[in-house]
Amino acid sequence: MEPLVFHQSPALRRPILVLAFAGWSDAGQSATTAVHFLAEQFGATKLASVEPEEFFDFTVVRPQVRLVEGRYRSIEWTTVEFATATVGAIPHDYIFGWGPEPHLKWKTFCGTILTLVQQTGAEMVVMLGGYLAEVLYSRPVPVTGFASDPERLRRIEVSGTRYEGPTGIVGVLGDACRRAGVECVSLWAALPHYIAALPNPRGSLALLLRLAALLELPVDLTPLKDTAATFEQQVNDAVAKDPQLAAYVRELKKREFAN
């Protein structure tokens, strides 16, 4: 069984692939929420999916059973999906991809993504991520990144990451793109580790602001800005009611001023 299944064969115009994976690299569900937001806003239509048998442990991420028209049951398998959209007069089409981080055969999985890049003629791969850090929830969400062309990050005022250590599928796929000569960019939002509420729309908003600048993408972020403002007020209220959490936030502010 081929791992990449196409559901349509559109003639895409110099497409750009934007990816997010749930799990280790998706703190606050910031990355997957951002990609879903774009797909919905631009009316993306299903392009392809990854056959999940090789890449997922179904005892970890179980398939879902659905009752169809009250008559029979249908199984929805865990997978990575891709949808495509045309955005106005922009000379690029967009492919949006999302799904859980695979459990197995990461090298084969990266090869599958590169097959999608080759068969669609994608010019660039952009990966979104989120991670937990000691950052103040009340400050603008910091965004760092990596790019095969560092000038792209400089233009959108994103600092390059110097992280070394354990990585996820985003890091492995970035390396695979580099080896294959495919231009790639990754953008990462740093979210406060002491805020457990999901999703965190402030992280998604920070990623989309940078992504829109990177790709000159005319996305209307007003709904997400409103959601992020409401979320921030809810966090303010929660911190005010929790003396221990409030004390920790004050300590973080002291460290920030000391630096």
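How are helices α5 and α6 oriented to each other? In this predicted model, the two helices pack at an angle of about 140°, and α5 and α6 are therefore oblique to each other.

**View 1. Packing of helix α5 against helix α6.** Helix α5 spans residues 201-215 and helix α6 spans residues 222-241, with their axes 8 Å apart. Because angles over 145 degrees count as roughly antiparallel and those of 65 to 115 as roughly perpendicular, the angle of about 140° places the pair in the oblique class. The crossing of α5 and α6 is left-handed. From α5, the residues Pro201, Arg202, Ser204, Leu205 and Leu208 take part in the contact, where they meet Leu224, Lys225, Thr227, Ala228, Phe231 and Glu232 of α6. Sorted by class, this contact holds six nonpolar, two polar and three charged residues.

**View 2. The nine-stranded open sheet.** The strands follow the order β1-β3-β6-β7-β2-β8-β11-β9-β10, and their pairing is mixed. Strands β1 (4-6) and β10 (159-160) stand at the edges; each has a single partner strand, so one side of each is left without a neighbour in the sheet. Helix α2 packs on the sheet and touches β1, β2, β3 (45-50), β6 (81-86), β7 (93-100) and β8. The direction of α2 makes about 30° with that of β1. Helix α4, residues 169-180, also packs on the sheet, where it touches β2, β8 and β11. The direction of α4 makes about 150° with that of β8.

**View 3. Strand β8 between its two partners.** Strand β8 comprises residues 124-133 and is mostly covered, with eight of its ten residues buried. In the order of the sheet, β8 stands between β2 and β11. Strand β2 (residues 16-22) runs parallel to β8 and is joined to it by five bridges. Within this pairing, Val18 has Val126 of β8 as its bridge partner. Strand β11 (residues 183-192) likewise runs parallel to β8, and ten bridges join the two. Here the bridge partner of Met124 is Glu183 in β11.

View 4. Thr112 is placed in helix α2, which covers residues 106-120. The relative accessibility of Thr112 is 5%, and the residue therefore counts as buried, the limit being under 20%. Apart from its neighbours within four places in sequence, Thr112 is in contact with Pro3, Leu4, Val50 and Phe55.

**View 5. Gly111, a partly exposed residue of helix α2.** Gly111 also lies in helix α2. At 31% relative accessibility, Gly111 counts as partly exposed, because this class lies between the limits of 20% and 50%. Gly111 and Thr79 are 32 residues apart in sequence, and their C-alpha atoms are 16 Å apart in space.

**View 6. Thr32 in helix α1.** Thr32 has its place in helix α1, residues 30-41. With a relative accessible area of 10%, Thr32 is buried. Residues up to four places away in sequence being left out, Thr32 touches Ala20, Phe21, Ala22 and Asp26. Thr32 and Gly97 are 65 residues apart along the chain, and their C-alpha atoms are separated by 9.0 Å.

Methods
Residues are numbered from 1 along each chain as its sequence is written. This is a predicted model: local features need pLDDT of at least 70, side-chain atom pairs count only at pLDDT 80 or more; totals for chains, interfaces and linings use all residues. Side-chain values use heavy atoms; hydrogens and water are left out. Buried means under 20% relative accessible area, exposed over 50%, partly exposed in between (1.4 Å probe, protein chains only). Helices (H or I, at least four residues) and strands (E, at least two) are DSSP runs, numbered from the N terminus. Two strands pair if DSSP finds at least two bridges between them. Axes are lines fitted to C-alpha atoms, for helices over the stretch in contact, and angles run from 0 to 180 degrees between N-to-C directions. Angles under 35 degrees count as roughly parallel, over 145 as roughly antiparallel, 65 to 115 as roughly perpendicular and the rest as oblique. A crossing is left-handed if the near helix is turned anticlockwise from the far one by less than a right angle, and right-handed if clockwise. Contact means heavy atoms within 4.5 Å. Ala, Val, Leu, Ile, Met, Phe, Trp, Tyr, Cys and Pro count as nonpolar, Asp, Glu, Lys and Arg as charged, and the others, Gly among them, as polar.
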